[in-house]
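Hi,

Here is the structure I promised to pass on. Have a look at it first, and then read my notes below.

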Amino acid sequence: MDSELTAWALAAAQALLFIAAAPLLAGWVQRVKCHAQNRAAPAVWQPYRNLAKLLRKKMLLAENASWLFRAVPYIVFGAMLLAAAVVPLIAVNLPSAAIADMIVLVAFFALARFFTALAGLDIGTAFGGMGASREMMVSALAEPAMLMAVFTLSMTASTTNLSVATGYVLQSGLVLRPSFLFALLALTMVAVAETSRVPVDNPATHLELTMLHEAMILEYGGRHLALIEWASQIKLMIYSVLIVDFFFPWGIATGFSAAALAVGALAVAAKLMLLAVILVVWETVLAKMRLFRVPQFLGFAFMLSLLAMLTHVVLETGG
Amino acid sequence: MSAAGGTPLLLAYAAVASTFLSGAISLFAVRRHPGFLHFGSFLFLFLSGAASIVAGGWTLLGKHTLTGRFALGLPWLDWHLRIDPLSGFFLVLLGTLVVAISLYGPSYTREFARGPAAQPLPPLGVFTALFVLGMQVMLLADDALVFMIFWEMMSLSGYFLVVYQHQHAANRHAAFLYLLLAHVGALVILLSFGVLAAFGGGLTFDQMRAAELTPLWATIAFACAFLGFGTKAGMVPLHVWLPDAHPVAPSHISALMSGAMIKMGIYGIVRVSYDLIGDVRWEWGVVVLVIGTASSLLGVLYALMQHDLKRLLAYHSIENIGIILMGLGLSMIFLGSGHKMLGTLGLIAALYHTLNHALFKGLLFLGAGAVLYRTHAHDLDHMGGLIHRMPLTAFLFLVGCVAISALPPFNGFVSEWLTFQTALQAPVLKNGLLRTTLPIAAALLALTGALAAACFVKAFGIAFLGKPRTRRAARAREVPAGMLVGMALLAALCLLLGVFPTTMIQAMAPITQLLVHEALPSAAAQGWLWLTPISPQVASYSAPFVVAAIVVVFGLGYLFLKRGAAAPRRAYAWDCGFGQLNSRMQYTSSAFSQPIRRVFGGVWKVDEQIDTLASAGPIPRVTSLHYSLHTHDWSWLRCYVPIGRVVLAAANRIGFIQTGNIHTYLKFSFVTLLVFLWIVS
């Protein structure tokens, strides 16, 4: 009973660490990106300053905003908090992973997106509608690709539990599985689309007619905007940690000793920093796509994940 | 008879009698006494629904199987009745919807009592009662005769309900199509019972259960039943009647049709294949899975293009029937391959989704009815901003939207999650093709779910959010309390079934024990908090945690952010300096779905027209612009129109025998009689 309590306490601590570290990752990406593009870089903790500023600001609401508009930031943040709680960050075998498996995780993202899109339609501006319509189109294509990639992993590990699956990859050692390679590519492409990064969307602009995510939340301000921004930073972190967990889990703690946890924390920090650099390179060399190129991009991701699944069934099970 | 002394069966009889009284009393609801319909008829309907729930729930939880026998009709053909966990489950489903509409109906039907939409009231009450009566007795039927009589009663009274507002030609057309396909379906069902009765040597279900069928004849019986019941359920491509018929009926009837009537098709498929035939084959499962996947995907894609709210909901019924069929198909594949536990899981997923769909689709149709009641608008583009004028309706409708979009923590998510979990167990199958097909079906289910979410963002966003698009929408007000209570009941059940799935699955165990002699003991092994369908290592989900987390975030947000902060200031949204934003600048429903229409281009036959009117003068300028968009169903154009053409041509060919001369007709009758006598002797 006592060890169970410790495990739950650790799980709660990990979830808190997760949401606390998310702005840091965003700040790191921002900083590396500025360096890569020869611009003066803000401090790594600039996102914290932004959040603090937004949380203190006085609220301004559009006159047509309904109760739904005011509830959405909390729902979105709640969904992301839950999602963050089930993803193994520094240790596997934590009991919180049982709350939700991979499919529920995808559904948490869908829940957040559903309500964000509704908030976009609430004010009745053309921008909000545009953002909502486009975001739902992109997600309708990204979600099956993501689930297909996730199914490949879960069929390999015969579980949809995130912690157990990570543990399985960890245990089976360095085995080269072609299916994982395809799944990794597909998942990365979906992650880029879902976290509104270049080339699907550009998180840095509010001025283009091509914006997707930003168009939906254009009317938000103050603490509402803070929650939504924080939630999207958590989302970026979740996708990064998922990729790290599934494909490069080495270093993650399997026991709860202090040394193991420290190693796990350091390992995941190093891996995320490296992943952020890759993301920056990707975002710097690629240009944003036209909106109707995005379905082809995501269609390619879906084909890759389908290929991953077929490779798994044909090559790796051999019943 | 078991120890309970047949009480559940007596309660079921009481429910039937109460429905009958409800119909009888509404005969008196002439124009001067509408109260007979509003109070009398709906009161008895309420009692009937409540009795159905108790009877069904008692049977289900007590694992009873009770039979009854009536010497009615022909002297050598008694009527056999039986209530068992499966029929109990569907009685609960039906009873819940009947209770909800009997709370909702008294206010809603006032519209028909007076004013511009006035209609004679007795037919509405009588046919509603007959419709419910048909479903209730059909669920209790234990022989093919009773089953078919009451199946037909349900179908026929449904016709009169669809055509209730018969002044519109579209309603009459929809009702005719409904009647035609209902009868084609009934004929095929009759063939299926014919095969079973021939092998069993009698019309009772007990004889059919005992029948020893060869695989070929079993497949024929299954195919006929699947076609016939599938027509009623609305599977692709036999769905064409559904999106026409459901929207034109009065809204509480639409709720009953989409919520309960099409589920009777599912009941029929389960009853015939799992219970009467018994020996399920995996090949059938493949067919059911493929048709289910096609139905769900096409249903949601067609729904996305609709701008009539009730028609959009009707297409979603096709989608959800597809999801239920996918569950059934998976169940048959696993059962037929000898994996009993996984087959049970698939069956549970399918039945759970059946109940869930009844609840949220009933809720959504009642919500659409509430909007119709206040704004008289069918078209999404004539609504808008209703969340300010009808906040409670908006909230309840939103619950339905979230539930049907399969988002946690509501009920739609649980059953889809169970379907996913079943499909992911594909690696246990020997057949390599099946191992690949099942995950692809699961991915298509994911696509369906994502598109459904897009569709309900559109439906809720265009109808309830933004600014009012018409004057009627701007003046709408909240509907009467009775209608809200009816909707709130269904919304509360949507949440409860989403948060406590483990308890529900335990309650459903007697059904699977009856049908496949297996329960799902692992599902609840970790207590009510955790849903672990296979084992905690493989997959788990805990909805109470999800609710708790969202509540905690709201609580913390209130404590630390909202409390003590100044009240937010209201201001106009930024209009880019061009002056006031108006309601015409908002996204419309067609605009919202335009990106998806472009991505999935070939699925619809799109008819897009832009008419511009230019002014006279040396330099023509556009003075008016009219945009119209129609999307047509390929299955109608490619299947039904050619069939119709062939039938018409054939009828013309043999038209020459119709001379109009009575002597010729007598001659035909005489020859026919001789031929029959020759066959018989």
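Let me start with a question: which element gives the most to the lining of the largest cavity? It is α18(B), with five residues. Keep in mind as you read on that this is a predicted model.

Searching the whole structure turns up six cavities of 30 Å³ or more. The largest cavity holds about 160 Å³ of space. It is lined by 17 residues, and the closest to its centre are A:Ala107, A:Glu143, B:Ala406, B:Glu416 and B:Phe420. Both chains give elements with two or more residues in this lining: α4 (102–122) and α5 (126–157) from chain A, plus α17 (411–423) and α18 (432–464) from chain B. Sorted by class, the lining has 13 nonpolar residues, two polar ones and two charged ones.

The second largest cavity has a volume of about 80 Å³. Its lining includes A:Ala62, A:Glu63 and A:Ile123 from one chain, and B:Lys467, B:Tyr572 and B:Asp575 from the other. Here the classes come to five nonpolar, two polar and three charged residues.

Next, the salt bridges. Over all chains, the count is 14. One of them joins A:Glu194 to A:Lys235, with 3.6 Å between the closest N and O atoms. A:Glu194 sits in helix α7 (residues 178–194) of chain A and A:Lys235 in helix α9 (residues 222–247) of chain A, so this pair ties together parts that are 41 residues apart in sequence. Both A:Glu194 and A:Lys235 are buried.

Chain B has a pair to look at as well: B:Arg209 and B:Asp275 form a salt bridge, and their closest N and O atoms are 2.8 Å apart. This one also links distant parts of the chain, with B:Arg209 in helix α8 (residues 205–210) and B:Asp275 in helix α11 (residues 251–277), 66 residues apart.

Are these two buried or partly exposed? B:Arg209 has a relative accessible area of 22%, so it counts as partly exposed, while B:Asp275 is buried at 12%.

B:Arg271 is buried, with a relative accessible area of 3%.

Cheers

Note on methods. Residues are numbered from 1 along each chain as its sequence is written. Chains are lettered from A and ligands numbered from 1 in the order in which they are written. This is a predicted model: local features need pLDDT of at least 70, side-chain atom pairs count only at pLDDT 80 or more; totals for chains, interfaces and linings use all residues. Side-chain values use heavy atoms; hydrogens and water are left out. On a 1 Å grid over the protein atoms alone, a cavity is a set of points where a 1.4 Å probe fits but cannot get out, and a pocket is an open set with protein on both sides within 12 Å along at least five of seven lines; lining residues have an atom within 4 Å of a point. Grid points are joined across faces, edges and corners, and a volume is the space filled by probe spheres set on the points. Helices (H or I, at least four residues) and strands (E, at least two) are DSSP runs, numbered from the N terminus. Ala, Val, Leu, Ile, Met, Phe, Trp, Tyr, Cys and Pro count as nonpolar, Asp, Glu, Lys and Arg as charged, and the others, Gly among them, as polar. A salt bridge is a side-chain nitrogen of Lys or Arg within 4 Å of a carboxyl oxygen of Asp or Glu. Buried means under 20% relative accessible area, exposed over 50%, partly exposed in between (1.4 Å probe, protein chains only).
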